[in-house]
Amino acid sequence: MATLDELKSALRQKAAATSSLRQPLSEAQYRDGFDLLTRGPGWTTYQDFIIPRLAEVLQPLFAARIRVSVLEIGPGPRTVLGYLPRRLRRKIGTYTALEPNSLFATQLRGWIASSSSPTATSSSSSTLSKVGLAEEEESRLPCLESAPDIRHIPFVTQAMETERDGSTTTTTKTTTSGGLDDHDRKFDLVLFCHSLYGVHPKTAAVRRALEMLVDLPRDGLVVVFHRHPLDPVVDDDDGLVCHRTATFPTGVVSVPDADDDSDDDKAALDAFAAFVAGFTTADETTRAAWRGVCRDLGRRGRLYPAALVFAAPETMMAFTRAATTALPELAQAGVPLVLGHGNQPPSLRTVKNREARVCRPTAIARPTDVGGVQACVRWALRHGVGLTVVGGGHSGHCLRPGVVAVDMDAFDRVSVVADGPLVWAGAGCTTGDIVRAAMAAGLTVPLGARPSVGAGLVLQGGIGHLARGYGLACDAIVGAVVVSVASGEVLRVGRVPSQHLPVGAVQCEEEDDLLWALRGAGTNFGIVVGLALKACAAQTYAVRSWVVPLRNRSDDGRQKLHTFDKLVASVLPQTSSSDAYLYGSGNGDGLCLGVTLFETSAAGADNHHGSAHASVLAAVLGPETSVQRVDDIGVFETDMYMSGMHGGHGGGKTSSFKRCVFLKDIGEAPIADALVAAVATRPTPLCYLHLLHGGGAIRDVAADAAAFGSRDWDFACVVTGVWPRDQDGTEAARAAVGWVYRVMSELLPLTSSSSSGVYGADLGPDPRDAPLVVRAFGPNGVRLGRLKQSLDPRNVLAHACPLPRPPREPKLIVLVTGDHGAGKDYCADVWVSVLTNKGLSARAISISEATKREYAAATGAKLERLLRDRDCKEAHRPALTAFFQSQVQRQPRLPEEHFLHGVRNAAADTNVLLITGMRDEAPVSSLAHQVPRSGLLEVRVEASQETRRGGPSSKSDSTPSDHRPCLVFHNDTNGHEAVQDFAERYLVPFFHEDRQRLARMVRRIPNFPREGIEFRHVLDIAQRPGGLALCTSLLRSHFAGNWAEVEVVVGCEAGGFVYASALAGLVNVRLALVRQAGKLPPPTFSVERFSSHISSMAFRDTTQRIEIERDVIPRGAFVLVVDDVLATGQTLLAVLRLLDKAGVGAESVAVLVVAEFPFHQGRKLLRQHGFGRVSVQNLLVFGGA
């Protein structure tokens, strides 16, 4: 299947050969061609890539604006903005379009004004018009403040060229207005969706668009979508830096053609060919030749048998105003940069991967010390751009178009530390470098199977010939020095020898989590500068190889794989391993099975003589084709793909693409047959399968002990597509890549459910990797996704191996606690019913079920009776409690794990999750930071002894507590009414539209108060029309206490003043102010306050004193503290201490905050300092820092 670019070139060559007269496309001809490209599979590109990617990249910008101004260049008959989610479309306040085609301009005006209801769209035009957007009847851009400004003019800039009738013409107009006569007009968003085709240089258009962005704030965007396999926008050495990039390599377009030469087919092909070529011709001979070209290069697929299909990969690039100014700033920071020149990308000798080599990074930074790496990270955070990292250069994603790459080549130091023993390896070292240095000390490190791979392999797994005996390469990591991509700080993680610890390095606050993540997914969480690796004694290898032709592909292949698996591989000791290869024989049609046996012993030992396992293989496969005795370096050269297959793969003059799936029972019929069939259908003779032996020490590590969670497998099957290097970018290369993905999709259903299925090291941002990512990390995926949000919140390392996104957390989690017999499960079920009747998705689960299952498995108790039979549960309760307590002693985090397991397993669309069976003393303060995007409530159900199900003799099993639940429900009334009323009053209001409207008033401000922080401007609510009144009303209505008891409202400087004073006035209650020391007249009470989260970053202050007037609060009065934010809790802690000094104890205080950030564990701090009994409520909850 040819690409549209290849088709365009062929059509123009054919036209040149026939010397036909070229004619520019008329507006009608352009319309007809455009319509063909956006039909059928062409529309799929919009659905699967353009619309979702545009929504994703626009979300932060739109969230930070009340209204957004848009300029769209060449939108065609319909703006893609009209297909965005409703919440985004409603943000667009002004819309301007430059559309040179008058037919399109007319259609666009009518379409924007039309209803977005599916029934209101026209069926007579492009496929774009046939897709409904929303159920409600409203215009496509419903919140425009004025009529859309659609101008029938082109977008032109000085020195810009356009293609007309297939030739290049320099624009003579010297305006820099982009086609607008009001030169000073600025926009929040400039969008190119179809309009860069035929424009040269494209950077001129992008640069002019960047000049048209608003000056402040500087987060305005230019977004470009372009159909091209590489990076057509950055086509000069202009140094434009992308904010975000994405590709859609699987895009296709089709044109109807039943191959019967009907008039309809001719007309469609003529219109399509002219549109692709960029001009038309009246010469029938040329048009007929063009139809032939289309039929020769197009493919008829199963999905489109009456159409010709062409590849149409799509690229998205988003730029901010920093695109033109950021790179010089990085150079000024003293970081050496390598830039491209003309059409040549920056050179980088270490990049070996074809996927990466064809990319055009904006520049390559080559830091020479840790400070240089920090400068790169801080630069990226400041400008909101991403980075890639180059180590050994084997990753397909170490270079990306429009992105700056950080080359770690200077960090190539390897040293052996006797204490351990350990090997310290810089991030620029290769496997060969590390092994050579270790061997000099009589040691080695269990690394991968190629000497040229770098740290990326170690961080993402590393399957080598010592893995069965010593584990994966990532299992050897005991420490690291990492530059944080959240802050730019240098972090010490785990065990780092003092001589390798950079000056200024700090201990990572999330050290255990980061060290865990580095062992299997370590390219995602920071830029690793160096690694401390466990070493073992150097080894000697006896390597024996066999090559056997497969006479009957299926039967012979299955039989030999079965014998190899059962008689050899499954019985080898951990000191040995055996790999297999399936590949094509030299004559092209036959298949071969290659087997290599690696037997290890201590260096210097004589293991040259044959072993019993070698004898078994020889009996089945015949005599060895080679026998070698090598050391830890020599073993790299013995792999069959390096030396034995296809003459060493054409002397290395090949390109390849691979993905890896983990398998068990390779000799069984379904898997063996699939493996043989895969090689038999290879698109090029050089494609092959490599089966690397697993088990042993790999399996000995628990799946959750490291991020690399895929442990229970026998073989790692590397599916490798190979083609001659001179065919890069051709159909042969695309076919080989497609074969790899097809084989992976066929093998994945055959993998064991106990195995994660896929090796993550190869995966990247390609959409075809998305279903593989799901299988790459098993149960560790959710934890990794959350760590990514915490450790790389700005997604600086966006192009690393993708991680599963953590499931969307429920908006509200209700922990239903109380004594047994109080009716917790009953209340939870009733509350689910009330919430469901309100149109919300709600469910109740018991967190104690996990303990009951484990207890039943350990004791033989009947699980079904434990879960369903109350008498059985009561009989086992003492033993269950003792069992749980013993588990917690061994696993202190077990309650937290049970909680997270329950949240993860809740349905993705659950709005409210009610959890019973909680045993934590203060569950909200201890668990809120684990679900920072969810509201978390504890509702304690209390009942008198007579009401409780145990009858009058029942005694409370609760003990005096140092915390107060958020809400208390007294379950002493017969019937459902009281339980239902409680949900109506306290739970349903969490989902009131006013509350959602308030949340939308909180703007996001990036890089404030410093780079890398996304600030939530909670005080901005008061600056919005009606915002303060809405917030004050909600504070009054959502207060869970009794307003009649509140005697004083306390507000703390400065945010608390705004909301506390307004609320005090609304409820007619006395106001007391807490201010910085020295700002109130004496006499006062004062206490020390440690700096808050924002203050510590903005002002670097550590402590200050706050005070309150002595007589403003009557002693013993009930006080309500109102503040804008609860984050670390330092401010609130100081206020509570101040009130205590003024004679107001914790029992007489409640707290209301507008917004809470659970990530910072403010509630936990309050409890640790004796204020757990203070009731704390919030209106809004925000995740992140």
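A: Here is a walk through the cavities and their linings.

This is a predicted model, in which local features need pLDDT of at least 70, side-chain atom pairs count only at pLDDT 80 or more, and totals for chains, interfaces and linings use all residues. Residues are numbered from 1 along each chain as its sequence is written, and side-chain values use heavy atoms, with hydrogens and water left out.

A cavity here is a set of points, on a 1 Å grid over the protein atoms alone, where a 1.4 Å probe fits but cannot get out; its lining residues have an atom within 4 Å of a point. Points are joined across faces, edges and corners, and a volume is the space filled by probe spheres set on them.

Counted this way, there are 11 cavities of 30 Å³ or more. The largest cavity has a volume of about 170 Å³. It is lined by 16 residues, of which Ser925, Arg964, Arg1163, Gly1172 and Val1174 are the closest to its centre. Two or more lining residues come from each of α30 (923-927) and α37 (1162-1168); such helices are DSSP runs (H or I, at least four residues), numbered from the N terminus. By class, this lining has 9 nonpolar, 3 polar and 4 charged residues, where Ala, Val, Leu, Ile, Met, Phe, Trp, Tyr, Cys and Pro count as nonpolar, Asp, Glu, Lys and Arg as charged, and the others, Gly among them, as polar.

Next comes the second largest cavity, with a volume of about 90 Å³. Of its 14 lining residues, Leu447, Gly448, Leu466, Tyr541 and Phe636 are the closest to its centre. This second lining divides into 8 nonpolar, 5 polar and 1 charged.

Conventions: 1 Å grid on protein atoms, 1.4 Å probe; cavity = no way out; pocket = protein on both sides within 12 Å on 5 of 7 lines; lining within 4 Å.
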